[in-house]
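Here is a short briefing to read alongside the structure. Have the view open and follow the topics in turn.

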Amino acid sequence: MRRILIIDDDDDIREVAALSLESIAGWHVTTANSGAAGIRAAVVQQPDAILLDVMMPGMDGPTTFKEIQNTPSIAHIPVLLLTAKVQGVDQRRFASLGVAGVLLKPFDPLTLATQMATMLGWSV
Amino acid sequence: MPSSLRPSSALNPGAIRTLLDEVWQSGLPLLSERLAVLDAATAAAHSGNCTGDLRAQAIAEAHKLSGSLGMFGYPEGTNLAREIEALLDAPGLPPAARLTELTAALRETLSLTKVL
């Protein structure tokens, strides 16, 4: 079973994404509501992938991603950024960070797992 | 949905939509708070002082609404919130009349005019 860590400060996003991934794909999902908490959780849990919000108070998504890359025990974990920024220039900037993919909010709860699997190269 | 993604215990789309509706219902108080922040920012814009913490908070709330309403079946709500965020995030004083239109349209779209 795939294990996913969702890092997002928005309760609704965490709840719906977890509901979607657990109910549709059968993945095991844990959540964190900040970049710092997410990094601590990733070190302990060693998830197969991280779904990371871009715009969070404190440590934002890109900064959190850099911290993940600088933490040897979790640097190998693929990260998907989740953003409500719809402009292409923003998406290209996020993609250039070296993440495994960029997903747009709002996402369709019925297809989120398929989108993630495709970006991660997991069999669908 | 590809069959390999669907575990034997997977819920059908109808059941998932029911669960989503439960999440939506439980989030109504927070939604009300977010709309109230947008109303406060709009009122401040009319008096020419939509600045500082209130404006920053309104931008953040509009951003969250733009990222979440669509997944609950309110794509127009996402579009309206996105426009509100853009107006508030632009330099200078935000256009108060347009903000009033957008916040009213947002409430109407969400069918929450009387509830909230």
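Before the helix pairs, a word on how they are described: helix axes are lines fitted to C-alpha atoms over the stretch in contact, and angles run from 0 to 180 degrees between N-to-C directions. Please keep in mind that this is a predicted model. The model scores ipTM 0.84 and pTM 0.88, and chain B has a mean pLDDT of 88, with 87% of its residues at 70 or more.

**Chain A: overall form**

- Chain A is built from five helices and five strands, and its order along the sequence is β-α-β-α-β-α-β-α-β-α.
- The radius of gyration of chain A is 13 Å, close to the 14 Å that the globule rule gives for 124 residues, so chain A is as compact as a globular protein of that length.
- The C-alpha trace of chain A spans about 35 × 30 × 30 Å along its principal axes.

**Chain A: two backbone details in loops**

- A cis peptide bond runs from A:K105 to A:P106, with omega near -5 degrees; A:P106 sits in the loop between β5 (101-104) and α5 (112-120) of chain A.
- A:Q46 is not a glycine, yet its phi is positive, at about 50 degrees. You will find A:Q46 in the loop between α2 (35-45) and β3 (49-53) of chain A.

**Where the chains meet**

- On the chain B side, 24 residues are in contact with 23 residues of chain A.
- Two or more residues of that side of chain B come from each of α1 (13-26) and α3 (52-68) of chain B.
- By class, the side of chain B that touches chain A has 13 nonpolar, nine polar and two charged residues.

**Chain B: α4 against α5**

- Helix α4 (residues 75-89) of chain B and α5(B) have axes that come within 9 Å and cross at roughly 155 degrees. An angle over 145 degrees counts as roughly antiparallel, and α4(B) and α5(B) are therefore roughly antiparallel to each other.
- The crossing of α4(B) past α5(B) is left-handed.
- Residues in this contact include B:L80, B:I84 and B:L87 of α4(B), together with B:L99, B:L102 and B:L106 of α5(B).
- The contact of α4(B) with α5(B) counts eight nonpolar, three polar and three charged residues.

**Chain B: α2 against α5**

- Helix α2 (residues 28-46) of chain B packs on helix α5 (residues 96-109) of chain B at an angle of about 160 degrees, with the axes 9 Å apart; α2(B) is therefore roughly antiparallel to α5(B).
- α2(B) and α5(B) make a left-handed crossing.
- Among the residues in contact are B:L35, B:L38 and B:T42 of α2(B), and B:L99, B:T103 and B:R107 of α5(B).
- Five nonpolar, four polar and two charged residues make up the contact of α2(B) with α5(B).

**Chain B: α2 against α3**

- The axes of α2(B) and α3(B) come within 9 Å, crossing at roughly 135 degrees, so α2(B) is oblique to α3(B).
- α2(B) passes α3(B) in a left-handed crossing.
- Among the residues in contact are B:R34, B:V37 and B:A41 of α2(B), and B:L54, B:A58, B:E61 and B:L65 of α3(B).
- In the contact of α2(B) with α3(B), nine residues are nonpolar, one is polar and four are charged.

Methods: Residues are numbered from 1 along each chain as its sequence is written. Chains are lettered from A and ligands numbered from 1 in the order in which they are written. This is a predicted model: local features need pLDDT of at least 70, side-chain atom pairs count only at pLDDT 80 or more; totals for chains, interfaces and linings use all residues. pLDDT is the predictor's confidence in each residue, from 0 to 100. Two residues are in contact if their C-beta atoms, placed from the backbone, lie within 7 Å. Helices (H or I, at least four residues) and strands (E, at least two) are DSSP runs, numbered from the N terminus. Ala, Val, Leu, Ile, Met, Phe, Trp, Tyr, Cys and Pro count as nonpolar, Asp, Glu, Lys and Arg as charged, and the others, Gly among them, as polar. Angles under 35 degrees count as roughly parallel, over 145 as roughly antiparallel, 65 to 115 as roughly perpendicular and the rest as oblique. A crossing is left-handed if the near helix is turned anticlockwise from the far one by less than a right angle, and right-handed if clockwise. The radius of gyration is taken over C-alpha atoms; the globule rule is 2.2 Å times the number of residues to the power 0.38.
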